[in-house]
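Okay, everyone, thanks for coming. Let me put the model up on the screen and we'll walk through it.

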Amino acid sequence: TTPNDDDDDGIPKECNIVLFGAGYDTRAIRYRHEHNGQINFIEVDLPEVTEGKEKLYQQFQQEHDPTWDRSKTHRLVPLDLNSCGGGDDDNNNNNEKTVLFNWSGTHQVTTNHFWEPESIREVEEIVQDCQKRGQSIRPVGSSLSPNGLGFSTDGGGMMSLANLDDIIEITDTDV
């Protein structure tokens, strides 16, 4: 059902919008009263993101729209999509293929290897191993880009640096 569909009586039909990995997108807030309040938002994201987003929504509701009844039109679903599909190899160093999508869902790629290292040492080991095998590696970010330029289609692997988000050092010259 689309938000423009009406019943015979002119009342908009209920519709569902499912957002996967949208982070802190505020679509549910911005469209909460659109379409005669008949839009149901289902947001699927990492558990820590949905927890933070719940707090954000509670604060918004308290400060800006106390009458908004989120329980009727909004669901947060904590789910790590990176761990779906089984396998116990955290860095996906095996031969399982990984399918990646950009955030808007307009592009996808299937890659033979997808690594998510958690240390610089792991990055070095992956790069050295791939160099020995003559395998290419493409770094991938958050897949926010509306195009598929960051996706590897040459049969190589892709490496997410998302877990390498620690501040190592701040010096006086950096401030």
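This is a predicted model: local features need pLDDT of at least 70, side-chain atom pairs count only at pLDDT 80 or more; totals for chains, interfaces and linings use all residues.

So, over how many bridges do β6 and strand β8 pair, and in which sense, parallel or antiparallel? The answer is 3 bridges, in the parallel sense. Strands pair here if DSSP finds at least two bridges between them, and helices (H or I, at least four residues) and strands (E, at least two) are DSSP runs, numbered from the N terminus.

Residues are numbered from 1 along each chain as its sequence is written, and side-chain values use heavy atoms, with hydrogens and water left out.

Zooming out, the open sheet has 3 strands, in the order β6-β8-β7, with parallel pairing. At the edges sit β6 (113-115) and β7 (137-140), each pairing on one side only.

Now α2, residues 47-64, which has the highest confidence, a mean pLDDT of 92 (pLDDT is the predictor's confidence in each residue, from 0 to 100). Its buried residues (under 20% relative accessible area, 1.4 Å probe, protein chains only) are V49, T50, K53, Y57, F60 and Q61. Down the axis they fall within an arc of 105°, taken from the directions from the helix axis to the C-beta atoms, so they line one face of the helix. They pack against α1 (27-30), β2 (39-45), α3 (70-73) and β3 (74-78), with contact meaning heavy atoms within 4.5 Å.

Technical notes. Buried means under 20% relative accessible area, exposed over 50%, partly exposed in between (1.4 Å probe, protein chains only).
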